[in-house]
Amino acid sequence: MAVIKLEERVLDSIARRLVPVLGERGIVTADVAEVDSVERWRKAARRAGRQLGHPVRTAVSTDGTMVWAVLERPVQPGEQAAAANRVATMIFGPRPFVRAYRPDE
């Protein structure tokens, strides 16, 4: 008779659904009312992070209605400046004088 590790299968199933979202966005949230166990969801999120090769920080919102997980990946050189430039372009439009840095430097 084979032993079925049901908890492991449930964790793997949740982690498989979280991997693409964490990999693409770096953060995932869920409504506590929609998850069967907050601790199981958080454990699966950490497992998903390990599959992506990075640690994951998980928490529950202060009002207890949302659970979230964020991928803690290292920031590459120039990544923050590039993100600042994208935000500035979205806010002010593509004008050179709002650039945080010049990509050619």
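Here are a few questions and answers on how the terms apply to this predicted model.

Residues are numbered from 1 along each chain as its sequence is written. Because the model is predicted, local features need pLDDT of at least 70 and side-chain atom pairs count only at pLDDT 80 or more, while totals for chains, interfaces and linings use all residues.

Q: What makes up the pattern α-β-α-β-β-α?
A: Helices (H or I, at least four residues) and strands (E, at least two) are DSSP runs numbered from the N terminus. The protein has three helices and three strands, and reading along the sequence gives that pattern.

Q: Why are β1 and β2 said to stand at the edges?
A: Strands pair if DSSP finds at least two bridges between them. The open sheet has the order β1-β3-β2 with antiparallel pairing. β1 (27-31) and β2 (56-60) each have a single partner strand, so one side of each lacks a neighbour in the sheet.

Q: What makes β1 and β3 a pair?
A: Five bridges join β1 to β3 (residues 66-71), and at least two are required, so the two strands count as paired. Within this pair, Thr29 stands opposite Trp68 of β3.

Q: Which strands does helix α2 touch?
A: Helix α2 (residues 38-52) packs on the sheet and touches β1, β2 and β3, where contact means heavy atoms within 4.5 Å.

Q: How many of the residues count as buried?
A: Buried means under 20% relative accessible area (exposed is over 50%, partly exposed in between; 1.4 Å probe, protein chains only). Of the 105 residues, 26% count as buried.

Terms used. Side-chain values use heavy atoms; hydrogens and water are left out. Axes are lines fitted to C-alpha atoms, for helices over the stretch in contact, and angles run from 0 to 180 degrees between N-to-C directions.
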